[in-house]
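Work through the exercises below with the model open. Try each task before reading its solution.

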Amino acid sequence: MVLALWRTSASLVLFLAAFLPSPQYAQDPAMVHYIYQRFQVLEQGLEKCAQTTRGYIQDFQEFSKNISIMLGKCQTYTSEYKSAVENLALRVERAQREIDYLQYLREADFCIESEEKTLAEKVLQEAEEEKKIRTLLNTTSCDNMLMAIKSLKIVKKTMDPDGSWMKDAGSNSAKVYLLAGSRNNTVWEFANLRAFMDDSIKPGPRKLILPLSWQGSGQVVYQSFLFFHNQGTSNEIIKYNLQKKTVEDRMLLPGGAGRAPIYQHSLSTYIDLAVDEHGLWAIHSGPGIQGHLFLTKIEPGTLGIEHSWDTPCRSQHAEASFLLCGVLYVVYSSGGQGPHRITCVYDPLGTVREEHLPNLFFPKRPRSHSMIHYNPRDKQLYAWNEGNQIIYKLQTKKKLPLE
C-alpha cells in the first residue's frame, strides 16, 4: 500500500514539474519559496494519507481477528447444539419405543380380555341355543326313533310318474288328498281311504282348483291347510285354506332355498315340506354350493321361521326324505334304482345317530320315490313311486335319553 503511495507521489511530482517556470524565472526567490511550501503541504498530505491507511489496515486486521474468533465460537456452539439435538432425538426415540411397548401390552391385555369375553359369550349363546332347540323339540311329545320299514302296501295306481298324496297330518280327518304331477293346480279330495282306493264309490272326489300352481312333489296338508311351493318362484311357500278355498298366507324361505333341486333323483322338487309330531318343516337347499340339505322349522300359524339347521346329508343320490319325532331321515338309491335305503340321519338334538340305527332298507322297488312323507297320526309313510301310491308301515323304539 505504501509503495503504491510513493509511486503516486512521484507521478505527481513529475506532473507538477511540467508546470515549473522557464529558466529565466527559476532564480526568483519568491517563486522557489512558494514551490517549496507546496511540496511540504503535499508531503504532509501524503503522510497523513499513509497514516490513515495504516489505521484502516490495523482496524481491518483487528476486525478479521474478531470475526475469526466469533466464527470459532459459533462452530463450537454449533457442535454443542448438534450434540444436544442428537441426544434429544435419541431420548425421544427411546421414549417412543417405551410408549409403543406400553401400547402393545395394553392392546394385548385388551385382546385377551376380548377373546375371553367373546368365548364366554359364545359358550352362553350356544347354551341358550341348545336350550331353545330342546324347548322347540320337546322330547316329552315324541321320543321314538325308526328301527325298520316293515311292509309295503300299494293302495292305488295312477298314470302320473310324479305327484303326492296324503291325509291331514294335523287332524283326525279321514279325507285323502291327491295331487298328481310335479306342476299342477288341481287337488282331488276323497272322503276316506276306501273311497280313494275304489273309484266306483259314490259320490266321487271333490275337485279343487287352486289359484296358483305347485312346484315339485313336496306338498303337505296340515290342520286343514295345504302348504306348497309356488311354481315360478324360488322360495315362496303358499298356505291355502282347503275349506274357504282361499290363499291364507305366504312366506319366503331364507338363504338359498329353491336355488337347486334338493334330491338328485327327484329333479322337480326344490322345496320338500314335511310334518311330524313337532309340526311343520321344510327341507331345502342352502346358500352354499356344497349340496347339503338344510332343515327349517316353520310355525304353521304365522309362517314364521323358528330355526334352521345345516345338515350333513347331501343331495347327491338322494330321492326323498321325511321327519319322524324331530329327526330327518334321507333316502338314497344308486342311479334312481334300488336298493332304496336310509344312509343319512340328522337329529338337531344329537340323540339319534347313524351308528344307533340298523340298516334301514325299503322293500324293493324298480324306480326311485318322488315323495315319502310321514304322518304322525297313523305313524305310517305315504309314498309315490312310478305312479303307485304306497303306504309303508314302520317299526320304532324309544330314543336314548338326552345327556
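The exercises cover a sheet, aromatic pairs, charges over rings and one glycine.

This is a predicted model: local features need pLDDT of at least 70, side-chain atom pairs count only at pLDDT 80 or more, and totals for chains, interfaces and linings use all residues. Residues are numbered from 1 along each chain as its sequence is written, and side-chain values use heavy atoms, with hydrogens and water left out.

**Exercise 1.** Find the strand order of the open sheet of four strands, and its edges.

Step 1. Strands are DSSP runs of E with at least two residues, numbered from the N terminus. Two strands pair if DSSP finds at least two bridges between them.

Step 2. Read the order. It is 14-15-16-17, with antiparallel pairing.

Step 3. Find the edges. Strand 14 (318-324) and strand 17 (360-361) each pair on one side only.

Step 4. Check one pairing. Strand 14 and strand 15 (residues 327-334) are joined over six antiparallel bridges. Ser321 stands opposite Val330 in strand 15.

**Exercise 2.** Classify the ring pairs Trp165 with Tyr382 and Phe190 with Phe196.

Step 1. Set the cut-offs. Rings of Phe, Tyr and Trp (its six-membered ring) pair if their centres lie within 6.5 Å; planes under 30 degrees apart are stacked, over 60 edge-to-face, the rest tilted. The whole structure holds six aromatic pairs.

Step 2. Take Trp165 and Tyr382. Their centres are 4.8 Å apart and their planes at 65 degrees, so the pair is edge-to-face. Trp165 lies in strand 2 (residues 163-167) and Tyr382 in strand 19 (residues 380-385), so the pair ties together parts 217 residues apart in sequence.

Step 3. Take Phe190 and Phe196. The centres are 5.1 Å apart and the planes at 85 degrees, so this pair is edge-to-face. Phe190 is buried at 6% relative accessible area. Phe196 is buried at 0%.

Step 4. Trp165, Phe190, Phe196 and Tyr382 form one aromatic cluster.

**Exercise 3.** Which rings have Lys156 and Lys239 over them?

Step 1. Apply the test: NZ of Lys or CZ of Arg within 6 Å of the ring centre and within 35 degrees of the ring normal.

Step 2. Lys156 lies over the face of Phe196, 5.3 Å from the ring centre. Lys239 has its charged end over the ring of Phe225, 4.4 Å from the centre.

**Exercise 4.** Describe the surroundings of Gly279.

Step 1. Gly279 is buried, with a relative accessible area of 3%.

Step 2. List contacts (heavy atoms within 4.5 Å). Leaving aside neighbours within four places in sequence, Gly279 touches Tyr222, Ala274 and Lys297.

How values were computed
Buried means under 20% relative accessible area, exposed over 50%, partly exposed in between (1.4 Å probe, protein chains only).
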